[in-house]
There are 6 protein chains.
Amino acid sequence: MKVKLASESAATSTHIVLPDDTNTLGNLMGGRLMYWMDVIAAVAAHRHSRRVVVTASVNNISFNQPIKLGDFVTLEAKVSRSFNSSMEVFIEVLIDDHKTGVKKKCNEAIFTFVAVDQLGNAIEVPELKPESDVEKQRYEAALRRKQLSLILAGRMKPKDATELKAIFEDLAE
Amino acid sequence: MKVKLASESAATSTHIVLPDDTNTLGNLMGGRLMYWMDVIAAVAAHRHSRRVVVTASVNNISFNQPIKLGDFVTLEAKVSRSFNSSMEVFIEVLIDDHKTGVKKKCNEAIFTFVAVDQLGNAIEVPELKPESDVEKQRYEAALRRKQLSLILAGRMKPKDATELKAIFEDLAE
Amino acid sequence: MKVKLASESAATSTHIVLPDDTNTLGNLMGGRLMYWMDVIAAVAAHRHSRRVVVTASVNNISFNQPIKLGDFVTLEAKVSRSFNSSMEVFIEVLIDDHKTGVKKKCNEAIFTFVAVDQLGNAIEVPELKPESDVEKQRYEAALRRKQLSLILAGRMKPKDATELKAIFEDLAE
Amino acid sequence: MKVKLASESAATSTHIVLPDDTNTLGNLMGGRLMYWMDVIAAVAAHRHSRRVVVTASVNNISFNQPIKLGDFVTLEAKVSRSFNSSMEVFIEVLIDDHKTGVKKKCNEAIFTFVAVDQLGNAIEVPELKPESDVEKQRYEAALRRKQLSLILAGRMKPKDATELKAIFEDLAE
Amino acid sequence: MKVKLASESAATSTHIVLPDDTNTLGNLMGGRLMYWMDVIAAVAAHRHSRRVVVTASVNNISFNQPIKLGDFVTLEAKVSRSFNSSMEVFIEVLIDDHKTGVKKKCNEAIFTFVAVDQLGNAIEVPELKPESDVEKQRYEAALRRKQLSLILAGRMKPKDATELKAIFEDLAE
Amino acid sequence: MKVKLASESAATSTHIVLPDDTNTLGNLMGGRLMYWMDVIAAVAAHRHSRRVVVTASVNNISFNQPIKLGDFVTLEAKVSRSFNSSMEVFIEVLIDDHKTGVKKKCNEAIFTFVAVDQLGNAIEVPELKPESDVEKQRYEAALRRKQLSLILAGRMKPKDATELKAIFEDLAE
């Protein structure tokens with residue numbers, strides 16, 4: 001199966017925050033943002049795999065700053081690494097500064113998708129080749145996240161998670 | 001500020017999965033489920049605090065089994081612990097078995113909300129008192145999750161996270 | 001066919017009133033509330049019958065007090081009685097008082113559903129057994145409503161509607 | 001306050017039944033139809049009163065025949081009578097026969113609206129003058145429905161409901 | 001294939017402008033109006049052809065005056081001419097003046113639809129017979145628009161577009 | 001007022017075609033596509049002007065090939081030229097080929113927006129500087145389209161439309 005570039009999976013979407021997207025403070029609801037994240041991340045995972053993809057898991061997400069009614073919200077998604085049939089997708093959320101026109105990052109999230117056939121069985125996807133420095137960092141970090149998730153699910157022993165070990169030794173000191 | 005019971009915050013919602021909620025396999029999209037989770041969890045957090053609440057973060061979520069078009073999806077949310085102005089909310093997702101009528105659990109998620117005033121500033125919320133065994137377990141676990149999140153954000157030293165330590169020592173063996 | 005308890009059919013849903021749900025006074029539109037009623041009542045009818053159910057009729061509904069933008073609207077539905085293939089469902093509408101946290105009833109409605117097979121033909125449903133006092137009162141009243149509806153449709157003679165008679169004699173004095 | 005013709009309030013809307021409007025049998029859900037009814041009836045009540053109008057009550061509605069995915073549903077609403085600040089609106093539901101092109105009636109409903117000022121207080125509306133035979137019949141029947149609703153609400157004594165009496169004497173024989 | 005009257009294809013729809021339909025100035029978004037136009041024009045084209053119809057093209061549309069939140073927008077669509085398998089549909093947009101109750105025209109648009117069979121192949125539609133003066137004018141103008149569109153698509157030579165010629169000679173003076 | 005580059009206004013959005021977006025053939029409805037076009041074009045016009053923008057007009061649009069349920073539709077919008085307070089925006093519609101992954105163009109459209117202040121009055125926008133060859137061609141063509149639209153509106157004499165003249169002399173031969 002041929003190797004594909006991270007950049008080939010890139011997917012972007014810009015939304016205008018409308019009244020029904022907001023809470024009583026006039027800020028974008030977290031649930032709506034996650035819905036948008038899921039759709040654009042599915043597009044990226046599909047562009048990498050050319051297969052039907054289903055959301056397998058979502059990493060911790062923090063909502064640090066409010067996004068307001070009328071804001072332009074741009075979501076940029078790209079596959080960061082693939083593992084057999086699963087793909088980790090990185091999503092960045094950017095807001096247009098209405099005065100300067102500069103897009104500033106206000107959020108990020110990591111979703112994992114699995115490619116499936118028409119019966120819903122997992123099927124293999126191409127390997128991913130990172131090119132830029134950011135893509136390479138995310139590619140490395142994806143392995144540590146994968147190990148952590150396997151350990152938490154009881155499917156890997158902590159001592160076998162070589163890449164993850166240093167971090168945990170730190171935490172346990 | 002008076003202490004409130006976990007059960008006072010309980011909130012429930014049942015949805016029928018309609019065509020626009022599904023992907024091309026006819027399964028509920030992860031993004032739609034997260035949107036529903038956010039709304040019902042906000043109701044629970046509001047019932048605990050009687051304040052405007054905003055989504056602060058979402059814990060890891062796994063989507064283990066497909067939910068189909070026409071399924072009845074019941075979400076049950078309850079605050080598991082409060083910390084100053086923030087509240088951790090536990091959400092269980094249940095599906096009606098169309099033949100036996102039994103609701104079986106197919107998913108769970110943990111969201112954190114912050115109570116704010118009309119200017120968006122964080123304000124204190126009541127303490128939570130767990131009663132049932134499950135409520136007590138979640139109450140304890142919420143502290144460990146809080147410590148982990150503070151450590152990952154660099155705002156707590158691992159050695160001060162007493163409750164969390166045993167777990168990490170295990171992982172680092 | 002086995003008898004089922006009224007409580008086994010209970011279905012609940014909580015909605016937050018969003019901008020698109022309101023009229024120009026900022027109050028929940030009657031039509032949106034009826035849509036929510038229909039969905040949760042269908043869930044209750046399905047829980048009783050385990051069959052596809054279709055709305056057969058709606059009883060008089062009064063909208064006595066305005067429900068505002070941002071309110072939490074909880075709908076509680078339960079089958080009150082079954083007749084061969086039809087089920088009467090009682091729906092109560094409750095609003096959270098944002099200050100006291102008490103849910104107060106602001107509306108009620110009665111819908112009738114019919115269970116059908118995949119061709120749309122009516123099929124028999126289990127009998128319902130009421131337990132609480134309220135369930136028993138509604139169970140009795142459902143028969144009178146059924147008789148009234150048959151009389152109005154010209155399918156029953158008033159003199160045969162024993163349970164209904166006293167009421168009409170009153171009205172005609 | 002000037003008298004207005006029934007025909008001046010006429011309002012029409014045609015909808016195409018889309019997937020999200022249907023249940024698992026592919027038929028239009030009752031709740032969606034009631035939502036459409038409420039909107040077009042509000043337009044008619046507004047056209048009669050030139051005021052903000054709110055749904056006050058809904059009469060019995062029967063759903064006799066299924067409406068299918070892809071059907072064209074036309075709703076025709078017209079005020080049938082006004083009483084001080086309230087207006088009774090008659091809604092007919094018609095379906096295009098895809099082969100013959102003839103619109104055939106498949107449903108009807110009666111909604112009551114109240115005209116209000118910006119504070120939500122009821123305000124007087126113009127009297128209605130019926131012209132056609134159908135308009136005149138509905139105008140007469142509206143009074144009987146009004147009396148019945150006042151009796152059921154305990155705000156009128158049955159013996160004072162002159163127009164309604166004959167009907168009930170019949171029913172009570 | 002039998003000839004049909006323009007009036008037989010008439011289709012009408014009235015919408016209330018809700019918050020999600022508006023931009024940050026509280027005016028109806030052009031895109032929402034075009035969506036409504038497309039649906040009601042499809043109904044008119046279907047009423048003429050009794051076939052599945054697909055949007056083939058849209059003529060220039062100007063949005064001259066703002067339509068506000070809460071406005072009642074009435075769209076009236078009628079087929080103006082048919083050509084083999086295509087139909088030109090004229091849409092008028094009217095707004096209720098809330099004070100006088102008079103509907104005033106604020107917009108118009110011309111859409112072209114093609115009738116297709118279940119495989120998506122174009123199929124012949126009935127000829128249209130205009131009756132009123134307006135219908136006749138639009139019927140004549142439709143031919144000139146058809147010629148212009150064929151010329152712009154390079155499928156007709158300008159010199160063969162007899163009806164169109166006078167206009168262009170004017171423009172080129 | 002400073003000159004801005006065409007590329008600074010670029011805006012992109014990718015949608016997955018869901019059931020409610022399609023007609024009975026399972027193809028994307030023209031009206032939905034126009035709604036998406038309007039939103040993304042408004043983003044581009046806003047990025048150029050940093051002002052509230054309203055849709056002023058839409059050029060002819062042709063819908064040449066069906067877009068199917070489940071397709072990924074990417075819209076790319078860029079301002080092609082500005083005139084005082086108005087901006088012409090070019091929108092390209094691309095579909096992912098599910099097998100090869102190549103995005104192929106299936107549609108284009110031209111919308112015009114006007115920048116307004118909070119009272120809805122037109123205000124001046126920056127000049128646009130095209131860079132690439134395509135941007136330059138569109139910049140030139142935009143002037144001819146502007147002249148044509150002024151002539152058709154009776155606000156310019158054909159003989160003054162220097163750039164447009166050659167084309168019409170051709171057409172009128």
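A salt bridge here is a side-chain nitrogen of Lys or Arg within 4 Å of a carboxyl oxygen of Asp or Glu. Keep that rule in hand for the tour. This is a predicted model, where local features need pLDDT of at least 70 and side-chain atom pairs count only at pLDDT 80 or more, while totals for chains, interfaces and linings use all residues. Residues are numbered from 1 along each chain as its sequence is written, chains are lettered from A and ligands numbered from 1 in the order in which they are written, and side-chain values use heavy atoms, with hydrogens and water left out.

**Stop one: chains A and B**

Select chain A and chain B. Contact means heavy atoms within 4.5 Å. By that rule, 36 residues of chain B touch 36 residues of chain A. The two chains bury about 2,900 Å² between them, and carbon and sulfur atoms give 64% of it. Buried area is the accessible area (1.4 Å probe) that two parts lose on being put together, summed over both.

How many salt bridges does the rule find across the interface of chain B and chain A? It finds zero. Polar contacts are present: nine residue pairs, both at pLDDT 80 or more. A polar contact is a pair of N or O atoms within 3.5 Å; within protein, one must be able to donate a hydrogen and the other to accept it, and residues adjacent in sequence count only if both atoms are side-chain atoms.

Now colour the elements of chain B that give two or more residues to this side: helix 1 (30-49), strand 3 (52-58), strand 4 (61-62), strand 7 (103-116) and helix 3 (162-172). Helices (H or I, at least four residues) and strands (E, at least two) are DSSP runs, numbered from the N terminus. Strand 3 of chain B brings the largest share, seven residues. By type, the side of chain B that touches chain A has 18 nonpolar, ten polar and eight charged residues.

**Stop two: a strand pair across the chains**

Select strand 3 (residues 52-58) of chain A with strand 4 of chain B. They pair in the antiparallel sense over two bridges; pairing requires at least two DSSP bridges. Zoom to A:Ser57. Opposite stands B:Ser62, in strand 4 of chain B.

**Stop three: chains B and C**

Switch to chain B and chain C. Each gives 21 residues to the contact. They bury about 1,600 Å² between them, 52% of it on carbon and sulfur atoms. Pick out B:Thr14, B:Arg47 and B:Arg50, which supply 32% of the area chain B buries against chain C, more than any other three residues.

Here the rule finds four salt bridges. One to show joins B:Arg50 to C:Asp96, with the closest N and O atoms 3.8 Å apart. Helix 1 of chain B has the largest share, six residues.

**Stop four: the axis**

Select chain A and chain D. No contact joins them, and their closest C-alpha atoms lie 18 Å apart.

Conventions. Nonpolar A, V, L, I, M, F, W, Y, C, P; charged D, E, K, R; others polar.
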